[in-house]
Amino acid sequence: MKPTATQLSEKELSSFDGGIKLVAYKGISTREPISTFAQTRQYIVPLQQHIGAISQVLVAPGDKVLKGQMLAKPGDLVSAAIHSPVSGVVTDITQHDIPHISGLADQCVIIENDFNDEWVTRQPLGDQYNETSSHELRNVIRDAGIVGLGGATYPTSVKQTEINIKTLILNGVECEPYISCDDALMRERAQEILSGADIIGHIIKARECIIAIEDNKPEAIKAMQEAIDHDGTGFFQVQIIPTIYPSGGEKQLIKIITGEEVPKHRYPAELNVLCHNIATAYAIHRAIYFAEPLISRITTVTGHGVAQPQNIEVLIGTPISHCIERCGGYTDDSDELIMGGPMMGFSLNSDNLPIVKACNCLLVTAKTEHTSRDKHLPCIRCGKCVDVCPARLLPQQLYWYASSKNTDRLIEHNLFDCIECGCCAYVCPSDIPLVQYYRSAKTTIWQHDRERKFSDISRLRHEAHQQRIDKQKFEREEKLRKKREMLKNKNNDKDNKKDVIAEALARAQAKKNDRLKDNDTETD
Ligand code: SF4
Ligand code: SF4
């Protein structure tokens with residue numbers, strides 16, 4: 001489905017390369033405040049909900065768990081902890097379908113809710129965070145399983161390792177046309193967001209915090225500004241930015257605010273900047289003031305294919321079917337279920353999947369909104385995709401190399417700089433699903449890379465094994481050789497001794513003979 005676009009002027013494009021102006025449909029899900037709803041019977045909690053290594057499970061089937069209890073610890077430095085959203089019993093740890101672009105199943109902890117809502121013991125730090133070291137605060141954030149909630153799901157504590165960063169940018173841009181969870185959060189919980197931002201500022205020793213919001217969210221801007229006025233420290237400021245998609249991309253937002261570009265393969269910290277989503281700041285506030293791990297998030301359930309679009313505060317692991325049901329269910333002409341927005345989201349084959357930390361939006365389209373052709377037309381080399389690419393790539397070339405599976409050329413043409421914003425596919429007159437080609441090519445390259453690494457590891461293991469065998473063989477042979485040499489030397493010694501004795505005997509005999517000769521001469 002394509003959101004409606006309006007023409008973009010040269011002036012509006014000045015902030016970063018490319019981009020498009022989209023008509024927002026945020027209003028359909030912000031009519032009501034954020035809602036919560038009754039818990040369900042079963043929760044499906046995937047062990048991989050973040051960028052990095054899979055979490056290491058700490059529970060077993062049959063274990064009783066409390067709400068907020070750690071179910072799995074980080075599997076590596078870049079990884080995240082996973083917690084139980086309810087109190088209950090672990091009934092299974094098994095493969096279950098998850099909302100992922102691959103469409104594949106993954107390892108999940110299944111929890112049967114006991115509806116007692118019994119929390120694990122919690123000791124909030126509260127205002128003491130001001131006297132707590134950056135290192136300790138990062139550990140609290142790590143233990144709380146907090147990841148980037150703008151969709152990237154990069155472990156937050158890992159992102160905060162650099163200190164003395166001048167500017168903290170809070171990303172409240174939310175440029176996808178249907179998503180409104182950040183908008184709703186800013187409207188309703190502005191002070192808590194500022195509190196989380198203050199904690200981040202304390203960790204990284206920031207000197208200022210800029211809260212970036214697109215100009216199509218006046219209520220959120222007003223709420224954040226009021227909270228800043230109430231705070232009165234001068235640390236925070238709201239920066240209103242023009243509504244151009246994808247200004248919420250980290251690199252694009254940094255460019256808009258600082259005028260500088262994050263160099264290729266480098267980090268924003270090199271520009272003295274750190275960027276966090278506003279929902280991440282809110283989660284940090286909950287972790288410090290309530291010792292609450294990341295067990296829930298705000299998700300936008302929207303689109304013309306769902307009866308009551310709204311923002312819901314939902315526990316991680318809740319089945320998506322339950323969320324849709326609580327939003328009035330599907331309409332008669334509902335069509336596609338998408339996780340994320342229409343630009344960067346991906347289609348889900350089923351709603352028997354859990355809400356995960358990355359789930360900022362569930363979009364249900366209506367059949368009438370289906371505008372793209374079932375079969376795309378050939379590329380006509382119009383170059384429209386090049387004009388809108390915010391990463392300064394050549395999308396039609398990437399498409400060409402992706403279709404011909406030319407991995408070398410794809411890498412040469414910086415496929416991995418593609419942020420999958422979908423601008424190119426949006427403007428393509430041939431309706432080529434360009435992003436699908438890029439995602440598929442990236443997955444293939446990653447798979448090959450993993451297989452190559454695996455085969456390199458196997459080869460190295462085999463070589464090390466062979467070297468060990470050769471070394472043992474050499475050592476055995478050397479031992480035998482030395483033994484043989486020793487024996488030989490021993491025999492030589494014996495022979496030498498015999499010779500010496502024989503010589504001594506011969507000398508004694510000769511002396512004896514000489515004496516006898518002398519006696520005979522005297523007798524004569
Ligand atoms: S916009 Fe579509 S048709 Fe035009 S050059 Fe790009 S891929 Fe080809
Ligand atoms: S999806 Fe990738 S190639 Fe297409 S416009 Fe966005 S960054 Fe450029």
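By class, the shell around ligand 1 holds 10 nonpolar, three polar and two charged residues, where Ala, Val, Leu, Ile, Met, Phe, Trp, Tyr, Cys and Pro count as nonpolar, Asp, Glu, Lys and Arg as charged, and the others, Gly among them, as polar. This is a predicted model, in which local features need pLDDT of at least 70 and side-chain atom pairs count only at pLDDT 80 or more, while totals for chains, interfaces and linings use all residues. Residues are numbered from 1 along each chain as its sequence is written, and chains are lettered from A and ligands numbered from 1 in the order in which they are written.

Visitor: Which element gives the largest share of the shell around ligand 1?

Guide: A residue is near a molecule if its C-beta atom, placed from the backbone, lies within 6 Å of it, and 15 residues surround ligand 1. Helices are DSSP runs (H or I, at least four residues), numbered from the N terminus, and those giving two or more residues here are helix 9 (384-388) and helix 10. The largest share, three residues, comes from helix 10.

Visitor: How many residues of the shell around ligand 2 are nonpolar?

Guide: Ligand 2 is surrounded by 16 residues, with Cys389, Cys418, Cys421, Cys423 and Cys424 the closest. One residue of this shell is polar and one is charged, and the nonpolar residues number 14.

Visitor: What distance separates the centres of domain 1 and domain 2?

Guide: The domain assignment, automatic or from a database, gives domain 1 (38-295) and domain 2 (384-443). Taken over C-alpha atoms, their centres are separated by 30 Å.
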